[in-house]
Amino acid sequence: MITILEELFVSVTGVQPQAVVKLTGDGSNRAYYRLVSDGVSLIGVAGVSVEENRAFVAVAKAFCECGIDAPRVLAVSDDSLCYLQEDLGDVTLFDRMKQSRDESCFSQPDINALCRVMQLLPDIQYKVARKLDFAVCYPVADFDRRAVMWDLNYFKYCFLKGVGAEFDEKKVEDEFETLAAILLAENGDTFMYRDFQSRNVMWHDERPWFIDFQGGRKGPIYYDVASFVGQARAKYTCEVADIMLDAYIESLSRYREVEKGEFVNTLRYFRIFRLMQNLGAYGFRGLFERKKRFVESIPAAMAQLNELLCKVEDVLPTLCGLMKEIAAMPRFVPDEHEGLVVDVYSFSYRRGIPEDYSGNGGGFVFDCRAIHNPGRYEPYKKLTGMDEPVKKFLEEQSRIADFLENVYALADNMVEDYLRRGFSHIQLCFGCTGGQHRSVYSAEHTAEHIAKKFGVRVNVNHIMQGVKYTLNK
């Protein structure tokens, strides 16, 4: 792919690129590269779908024809899997607002930038729709019932089931149908960007430029408003969100009549839907693919979704109650503790290795099954590694002391290193056949050793016994 991009670069500039640098992706299967030579810098894109690439090229052309700032596509490979586009730099609107987010107080220049984006959105929705042949859109041309149900089921399977929530599937599906009917009642002949958020707006030449619109299609105007105003990680205050909404409605009035109260009521359901879609993506990228940034995005999105669902509890009571239950799960309750936390688990290999909910994947998994098993003998079958007879058996009739000596050496080195580097989490897991004797004993002693030696907070979780406690709270 890089060779093809280099050939495209030569065809556009007449010179070989002096440097090709791969850029960090953002949850996409597309690969991005910066190709540079003699002051010329272009972005190369290597996709995995011809149809998706063709959609991007077509939408980019429509944007430019409508006078909307977007990267021009300069060259496309014969197989349409690679193309070159203008380089708009590295600063997104999201990046520009970092200080405002950190201080929870949006500066007037940042508010003005956000309002400028929202004022341009109606032009994108209406002007692009007049230029674009929706048949080229990928993966579908229209925001229809099938597309709605795809996203709702994405939320169900990748988030609800991903976090282990227990729920009545029929009731949840019934409310999916209710929500879909509300969303589809507002469909229109306008362009729906679909992933309209501050990370997909570059700040270049002191104005916004729009990128990553390859998933666009025909659809209702509310979706993109909900996507932008409700972007969880942007941390917009209610006041800023309302200012942005006013800017959008004022600009929208050039295309259609708008009554703000009615608009906001309908927008609420699109914000709920969009947050469900976000949580589906966060669940897949974070809980299944173990990408930390997506795990970290879950609490903020859930907080927004819960707030919105409470306002329509009479319409979506099951989803409202279910999300409240999920928000109360220990893994999503904010932990104000500062410093290193060590999570120590005992588990049964029959049930699988515990997930690392921190998202960083740091730690060890120790297999205790080579140790002489007291569970084979009748006197110990109903006891656990926390009971004195089992402790005595393991200490006198097995080599568990030698095993733990090696465990301590590894764990101590890791804890010392993590403390020195300012890391926040380590997970240590001990597994045996049933998660009852050897793994419990090992987890107990390792937790006590680390807590005493380093004074850090240690959370102990004996999964098969349902026992949890914390040392050094």
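**Cores, helices and single residues**

Modeller: The largest nonpolar core has 98 residues, and those with the most contacts inside it are F63 and I326. A nonpolar core is a set of buried Ala, Val, Leu, Ile, Met, Phe, Trp, Tyr and Cys residues joined through side-chain atoms within 4.5 Å. Buried means under 20% relative accessible area, exposed over 50%, partly exposed in between (1.4 Å probe, protein chains only).

Biologist: Which helix gives the most to this core?

Modeller: Helices (H or I, at least four residues) and strands (E, at least two) are DSSP runs, numbered from the N terminus. With 12 residues, the top contributor to this core is helix α5 (residues 108-131).

Biologist: How many residues are in the second, separate core?

Modeller: Its members include V344, A411, A451 and V456. The size of this second, separate core is 32 residues.

Biologist: How should I read the model and its numbering?

Modeller: This is a predicted model, where local features need pLDDT of at least 70, side-chain atom pairs count only at pLDDT 80 or more, and totals for chains, interfaces and linings use all residues. Side-chain values use heavy atoms, without hydrogens and water, and residues are numbered from 1 along each chain as its sequence is written.

Biologist: What does F63 touch?

Modeller: Contact means heavy atoms within 4.5 Å. Residues up to four places away in sequence are not counted. That leaves I68, A70, I124, V128, F191, Y193, F210 and F213.

Biologist: Why are the buried residues of α13 on the same side?

Modeller: In helix α13 (residues 388-397), the buried residues are V390, K391, F393 and L394. The arc is that of the directions from the helix axis to the C-beta atoms. These residues lie on the same side of α13 because they cover an arc of only 160° around the axis.

Biologist: Which exposed residues does the face turned away carry, and what do the buried ones pack against?

Modeller: The face of α13 turned away from its buried side carries the exposed residues E388 and E396. The buried residues of α13 pack against α14 (400-421) and α15 (438-454).

Biologist: What covers the buried residues of α12?

Modeller: Helix α12 (residues 317-327) has L319, C320, L322, M323 and I326 buried. I326 also belongs to the pair with the most contacts inside the largest core. The cover of α12 includes α6 (145-160), α7 (169-184), α10 (260-288) and α11 (292-310).

Biologist: Is F364 buried or partly exposed?

Modeller: F364 sits in strand β11 (residues 363-367). Leaving aside neighbours within four places in sequence, F364 is in contact with L410, M414, Q427, L428 and C429. Its relative accessibility is 26%, so F364 counts as partly exposed.

Biologist: Of the residues of the chain, what percentage count as buried?

Modeller: The chain has 15 helices and 14 strands. Its C-alpha atoms fill a box of roughly 80 × 60 × 40 Å, taken along the principal axes. Of its 473 residues, the buried share is 51%.
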